[in-house]
Amino acid sequence: MQTISSLHNREASCLEDVSERIMRQTLEAFIYEGIMDVDKSGKEWIFTGKGADGGSVRYSCQADEKWSFGRIKIKPGSIRREGDACRNIYTFLEEVIQNKLDGLLVNQFIQELLETLVKDKQSKELQAERIPGEDRHYEALESHMTDGHPYHPSYKSRIGFSLADNLAYGPEFNQNVHIRWIAVNRELADVAVSTETSLDEIYSQHLTEDEMTLFKQIVQERGSKDKQYVFLPVHPWQLGHRIQSLFVQQWTDQDIVDLGASSSAYRAQQSIRSLSHRGNAQASYIKLALSITNTSTSRILAHHTTQNAPLISSWLHKIIQHDPLLQREGFQILREVMGISFQYDKLPPVQYRLAYGTLGAIYRENISTCLEANEEAWPLNALFYTQRNGEPFIEEAIDQYGIVAWSKELIRTVTLPIIHLLYAHGIALESHAQNIILVVENNFPKRIIIKDLHDGVRYTPDKLLKPDWAPKLHPEPETHRKFNRYSFLQTESVSEVRDYTFDAFFFICMSEICFALEKFGLSEHEFWQMCAQTILDYQQEHPEYQERYEMFDLFSEAVLVEEMTKRRIYGDGELYFRNVKNALRLAKDLLS
């Protein structure tokens, strides 16, 4: 039994660890994106803060500019203020951010960092020393991936959640979540369903016959006799904090009827707003609108994305089914089979602005429908997850096969489908680690499955391999860009398609895997040479795409990556990108 003293010590240790990570990750982003200047003297990098009196304060850290796109990595525990270890995050925020930066959103950014501090501390206090053996399956592993984004300084801000909310709905706390249901006037809701399923079939996965009967009875008693209704799931936080107040008129007019909670328990996945059914392993996952801000954006669900979800999934599925390479590699997607949304354009302008994206859901196939016997599925970011006891998640697998053999197969397995979709089909996926599922057999990489596709695709229509297969999508409303200027699917620029692959996949996802494998002795040079060799081998085997290798040039000297932290400080008034050295080009030159 833990004593009060030991609990206090753990609490203090967690606060110190999280504070140090936030300061380190903030500095890495600031230096990388040119938000602050540093004086590099070997591994000691010096920068200045500004004290309350306006005077300069000397800070330093031990850092490396990595081979991986010039990413900055600061040695843990090396940040110093005036020669002493820097442990006070509040002083750091004041002197390095508050007093130094003039960005429009500086105060909001500081709030995001402090919210990250308290919520990640809460998470770390309850983190298990090691993932239990019975939890080494996909659904549970999603809950154990507690680290958040490896680059964003505000990696766990969850603005809108109190600590009680965080405990109730944060995935790492593994609580039972009970979905709330409402009935919406059918004339005010849009439903898009794939041809492979039906609305009733999806309902049956999540609602018992008794619940369906009860819901229909409630609608008859509390709804309007002149209206038809559709059932829509709502996150319990969203219902209490947004829907009841934003849609008070529709509630009064019987356009929305509260049906209560369903009996089934759900588990929150990494994205927080996606839920998996605990009792039905075949049930689709449900992605719900959630009006909190986490890392870089609000987690609402725009109307057009819910309606495009089945269209995009069916399109990609058709491509996969007719592509010999993707079939050979066992590549799959978790199809989004249904999307439902309130019709916000029928609201008055003031209400539209506040309610946009707050009431909708996307149903996604369950991973269990894709796995074969003896296969296991891991979230790809498990590859760079270190457990509380210091043991990397992948240590057992690497001990089993050796770092070179395991890494080489991993890189080939993950990279090949991504570059084939880009080169052969002209399609880029937002393939960051949270969206990629690695399928292993006896701990050895076998294939990948991609999820979260409704707004995670980018392409130039006339550069598609089969343009006539492309779906006719619901366009983004003009107002959508005001919410998120970075969210679009189609572009006239082929370089934007290529850069979309670089930004999510190579720049963040593969770089973080590279850093994780470094700890096992695989150098950055070796890692990126393996990546480059995978691409070169593909190009040699498929000369028919030669023109497209130049169009979607993965070996250019520089690539464009998003400056994510600048957005949090300076807002979305302009787009923030920077050219960085391409690790793939550097690796290719070494292979020559």
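Me: Why does the radius of gyration of the protein chain agree with a compact globule?
Reply: The radius of gyration is taken over C-alpha atoms, and the globule rule is 2.2 Å times the number of residues to the power 0.38. For 592 residues, a compact globule would have a value near 25 Å, and this agrees with the value of the protein chain, 24 Å.

Me: On what basis are such values given?
Reply: This is a predicted model, in which local features need pLDDT of at least 70, side-chain atom pairs count only at pLDDT 80 or more, and totals for chains, interfaces and linings use all residues. Residues are numbered from 1 along each chain as its sequence is written, and side-chain values use heavy atoms, with hydrogens and water left out.

Me: What percentage of the residues of the protein chain count as buried?
Reply: Buried means under 20% relative accessible area, with a 1.4 Å probe and protein chains only. Of the 592 residues, the share that counts as buried is 58%.

Me: What share of the contacts with a separation of 6 or more joins residues 24 or more positions apart?
Reply: A contact means heavy atoms within 4.5 Å. In the protein chain, the share is 76%.

Me: Which residue of strand 21 is the bridge partner of Ala377?
Reply: Strands are DSSP runs (E, at least two residues), numbered from the N terminus, and two strands pair if DSSP finds at least two bridges between them. Strand 19 (residues 375–379), with 4 of its 5 residues buried, runs antiparallel to strand 21 (residues 436–441) and is joined to it by 5 bridges. The bridge partner of Ala377 in strand 21 is Val439.

Conventions:
Buried < 20%, exposed > 50% of the residue type's maximum accessible area, 1.4 Å probe, protein only.
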